[in-house]
Amino acid sequence: MAKGNILIVDDNKSVLTALEFLLSSEFDKVVCISNPNQINSELGKTPFQLVLLDMNFKTGVNTGNEGIYWLHQIKTQKPDTSVVMITAYGDVELAVNALKAGATDFVLKPWDNTKLLATVKAAVQLSQSRGEVNTLKQREKDLKSSFQNNRKHIIGTSPQLMKVLNLVRKVAKTDTNVLVTGENGTGKELIAREIHHLSSRNDEILVSVDMGAISESLFESELFGHIKGAFTDAKENRAGKFEIAHRGTLFLDEIGNLPLHLQSKLLAVLQNREVTRLGSNQPEPVDIRLVCATNRNLPALVKEGLFREDLLYRINTIHIELPPLRDRGEDVLVLAEFFLKKYASKYNKSQLKINNQAQEKLLKYNWPGNIRELEHAIEKAVILSDSNILKPDDFFLRPVTGTNTGSLDTSMSLEEMEKQLISAALDNHPGNITAAAAQLGITRQTLYNKMKKFNLE
Ligand SMILES: Nc1ncnc2c1ncn2[C@@H]1O[C@H](COP(=O)(O)OP(=O)(O)OP(=O)(O)O)[C@@H](O)[C@H]1O
């Protein structure tokens, strides 16, 4: 790390010489000036971490006012630069005034070299850490704004979507807890992010936690944090998601997958608005806006005794239900065009168009995987197409399954239907057996057995 640069301002030449002699071997650069009128131009030339500033410049005048004047000038021009005042013995009151005006410390003349060096080093370090904090703050600001720029647009014009967006706009301004429900891939996370963007917490972050993906043993440490030594692997203090989301939004996805015994722990934190890290007994207040999402029917889970009713009431002050894509009419085509543009540009096939018959096919399909499935279907078609026209055969859509269709394919055997349901659930949750099993309403072990039976591994 750089040792730092120091500017010494004193009208007494012998003071300048003595200080320069003492400090020049300890720091990168030491500049001495006897005329304070040069301060501004010197500050413009070199990044100084410290200015050692005399309090009185005119002989016979010892009000200290001139020193305070120059202190203000330096602090206005370079707020991160530390200023240590040099003052004669007996001017302690003046020195205290200087501290009130923003000086870091003061040195009494005649000084003790060791003490002076310690004071100067501490002041340089303070300035350097101020600089680092500013850099981190700036980086955080830049990161936030780049997240903002990555904000995804919510595409669609259907009245069903407009109704949802209307509710989103109203609720975003408040701090109420929101529960977003809907089938897989309907855009629940997108809506949660939109609520955050439109809220007054927009300058802070949204922390997203997939409750279906956290193992039970790590639940508390992930959400509430831990202190060093709280358990074998706790090698250092770690903040949990609640603390990280402080002043922002906490998005708990797949809340319906949270085991019952962990629901009470979550409820306690939501009720008390404070978290205690594992291994600590010091609760910390947390200020978060909570948005939860699930594809499961929570009231039904409450009836089955699988979800706490008091937790449901705590999280669903406002309930936003996202319509499945098949109920959003022309939005299928609006979204298809949007994804076509995105992937045609990504794969350098900007001439691509979807023909009428293919549009018909997209409109008729029931989209069990909703918008996520539509996006994948378009991307696949763009990659595989050989011409500039996308035709029905370019879209590989899954055979209709019983879950979301409303119409059953009665020619299928029970076993075929089971296989397709399992395959659809696995597609909806790539790599997430827990979530796929939850969607099917069976245990992970049963799902593994069935995957083996149907050769779906
Ligand atoms: N209206 C929309 N406009 C544009 N893209 C959308 C829209 N709705 C959803 N998407 C996109 O579809 C994908 C799935 O959305 P998202 O992850 O928000 O759904 P989800 O309901 O949270 O899914 P899951 O239940 O599987 O977690 C994302 O890539 C998202 O950006």
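Predicted model: local features only at pLDDT ≥ 70, side-chain atom pairs only at ≥ 80, totals over all residues.
Two residues count as in contact if their C-beta atoms, placed from the backbone, lie within 7 Å.

**Entry: V180 and the cores**

Leaving aside neighbours within four places in sequence, I found V180 in contact with K188, I191, A192, V291, A293, I320 and L322. I then asked which residues touch the most other members of the largest nonpolar core. They are V180, I195, F242, L252, V291 and C292, in a core of 38 residues. I noted the elements that give two or more residues to this core: helix 6, strand 6, helix 7, strand 7, helix 8 (219-224), strand 10, strand 13 and helix 12 (309-315). I also found a second, separate core of 30 residues, with M55, L71, F106 and V120 among its members.

**Entry: helix 7**

Helix 7 covers residues 188-197, and I looked up how many of its 10 residues are buried. The count is 7, and I put the helix down as mostly covered. The buried ones are K188, I191, A192, R193, E194, I195 and H196. I then looked for what covers them. The list includes helix 6 (159-172) and strand 6 (178-181), along with strand 7 (206-210), strand 10 (249-253), strand 13 (289-294) and strand 14 (318-321). Two of the buried residues, I191 and A192, were already in my notes as contacts of V180.

**Entry: the ligand**

I counted 18 residues around the ligand. The closest are I155, G187, K188, E189 and I371. Which elements give two or more residues to this shell? I found helix 7 and helix 15 (370-384). Sorted by class, the shell has 5 nonpolar, 7 polar and 6 charged residues. Domain 2 (159-321) and domain 3 (329-393) each supply at least three residues to the shell.

**Entry: D54**

I checked a UniProt annotation next. The record, an unreviewed entry, has "modified residue: 4-aspartylphosphate" at D54. In the model, D54 is found in strand 3, residues 50-54. Is D54 buried or exposed? I put D54 down as buried because 23 other C-beta atoms lie within 10 Å, and 20 or more is enough for that label. Not counting residues up to four places away in sequence, D54 touches V9, D10, D11, G67 and I86.

**Entry: two loop residues**

G64 is found in the loop between strand 3 and helix 3 (65-77). Beyond its neighbours within four places in sequence, G64 is in contact with M55, N56, D91, L94 and N97. I took the C-alpha to C-alpha distance for one of these pairs: G64 and N97 are 9.1 Å apart in space and 33 residues apart in sequence.

S387 is found in the loop between helix 15 and strand 16 (389-390). S387 counts as exposed because I find 11 C-beta neighbours inside 10 Å, and the label applies at 12 or fewer.

**Entry: backbone angles**

I looked up the backbone next. K109 and P110 are joined by a cis peptide bond, with omega about -5 degrees. P110 has its place in the loop between strand 5 (105-109) and helix 5 (113-149).

Two residues have a positive phi without being glycine. One is E254, with phi about 55 degrees, in the loop between strand 10 and helix 10 (260-272). The other is N455, with phi near 60 degrees, in the segment after helix 19 (444-453). I compared their surroundings. E254 is buried, with 24 other C-beta atoms within 10 Å, whereas N455 is exposed, with 7.

**Entry: the whole protein**

The protein has 19 helices and 16 strands. Of its 457 residues, 33% are buried. Among contacts with a separation of 6 or more, 69% are between residues 24 or more positions apart.

Definitions and conventions:
Residues numbered from 1 in each chain as written. Helix = DSSP H or I, 4+ residues; strand = E, 2+ residues; numbered from the N terminus. UniProt positions renumbered as here; feature names shortened; annotations may be inferred. Near = placed C-beta within 6 Å. Nonpolar A, V, L, I, M, F, W, Y, C, P; charged D, E, K, R; others polar. Domains from an automatic or database assignment. Core = buried A, V, L, I, M, F, W, Y, C linked by C-beta atoms within 7 Å.
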